[in-house]
Amino acid sequence: MAYRLMDSAALQRARLTGLMLRADDLLDADQVAEQVSLDAAREARLLAEAVVDRARSRFGARVMVGPAALLARAS
């Protein structure tokens with residue numbers, strides 16, 4: 001719904017610098033599958049972090065995982 005509100009603003013040059021949402025009857029955090037974020041860059045970092053965690057748990061803590069540009073310099 002928040003994405004639809006932002007899209008409906010149809011701003012071409014101006015920025016939407018704030019958006020307030022009110023939610024009632026929320027569930028406890030342990031009953032929710034995923035936290036919603038409107039920051040795509042943050043979501044990408046969180047997804048990458050989960051992938052790194054899975055790789056390290058599968059192949060060990062010494063596995064080198066990161067952006068390819070940085071890994072080439074680290075070798």
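Is Ala-55 buried or exposed? Ala-55 is found in helix H2, and Ala-55 is buried, with a relative accessible area of 19%, where buried stands for under 20%, exposed for over 50% and partly exposed for what lies in between, using a 1.4 Å probe and protein chains only.

## The model and its confidence

This is a predicted model, in which local features need a pLDDT of at least 70 and side-chain atom pairs count only at pLDDT 80 or more, while totals for chains, interfaces and linings use all residues. Residues are numbered from 1 along each chain as its sequence is written, and side-chain values use heavy atoms, with hydrogens and water left out.

The mean pLDDT of the protein, that is, the predictor's confidence in each residue on a scale from 0 to 100, is 77, and 81% of the residues reach 70 or more. Among the elements, helix H2 has the highest mean pLDDT, 87, whereas helix H3 (residues 68-74) has the lowest, 61. Where pLDDT is low, the predicted coordinates should not be read in detail.

## Overall make-up

The protein has 3 helices and 0 strands, both taken as DSSP runs numbered from the N terminus (H or I of at least four residues for helices, E of at least two for strands). Along the sequence this gives the pattern α-α-α.

Of the 75 residues of the protein, 5% count as buried. The accessible surface, computed by the Shrake-Rupley method with a 1.4 Å probe, with only the protein chains shown counting as cover for residues, comes to about 7500 Å², and carbon and sulfur atoms supply 55% of it.

## Helix H2 and its ends

Helix H2 (residues 40-59) has 20 residues, and from its first C-alpha to its last it reaches 28 Å, close to the 28 Å expected at 1.5 Å a residue, the expected span being 1.5 Å times one less than the number of residues. At the start of H2, a side-chain oxygen of Asp-39 comes to within 3.2 Å of the backbone nitrogen of Ala-41. At the other end, H2 is followed by Gly-60, whose phi is positive, near 105°.

Ala-55 and Val-65 are 10 residues apart in sequence and 8.0 Å apart in space, C-alpha to C-alpha. Glu-49, which also has its place in helix H2, is partly exposed at 48% relative accessibility, and its C-alpha is separated by 9.6 Å from that of Gly-66, 17 residues apart along the chain.

## Salt bridges

A search of the whole structure finds 2 salt bridges, each a side-chain nitrogen of Lys or Arg within 4 Å of a carboxyl oxygen of Asp or Glu. In one of them Asp-24 pairs with Arg-22, the closest N and O atoms being 3.4 Å apart, and both Asp-24 and Arg-22 are exposed.

In another, the side chains of Glu-43 and Arg-42 meet at 3.9 Å, N to O. Glu-43 counts as partly exposed at 24% relative accessibility, and Arg-42 is likewise partly exposed, with a relative accessible area of 35%.

Asp-25 is found in the loop between H1 and H2, where it is exposed, with a relative accessible area of 78%. Although Asp-25 is not a glycine, it has a positive phi of about 55°.

Leu-21 is found in the loop between helix H1 (2-9) and H2 and is exposed, with a relative accessible area of 53%. Leu-21 also belongs to a nonpolar surface patch of about 810 Å², made together with Met-1, Tyr-3, Leu-5, Met-6, Leu-19, Val-36 and Leu-38. Patches are made of residues with over 30% relative accessible area and no salt bridge, with nonpolar side chains (Val, Leu, Ile, Met, Phe, Trp, Tyr) joined within 5 Å and like charges within 9 Å.

Conventions
A polar contact is a pair of N or O atoms within 3.5 Å; within protein, one must be able to donate a hydrogen and the other to accept it, and residues adjacent in sequence count only if both atoms are side-chain atoms.
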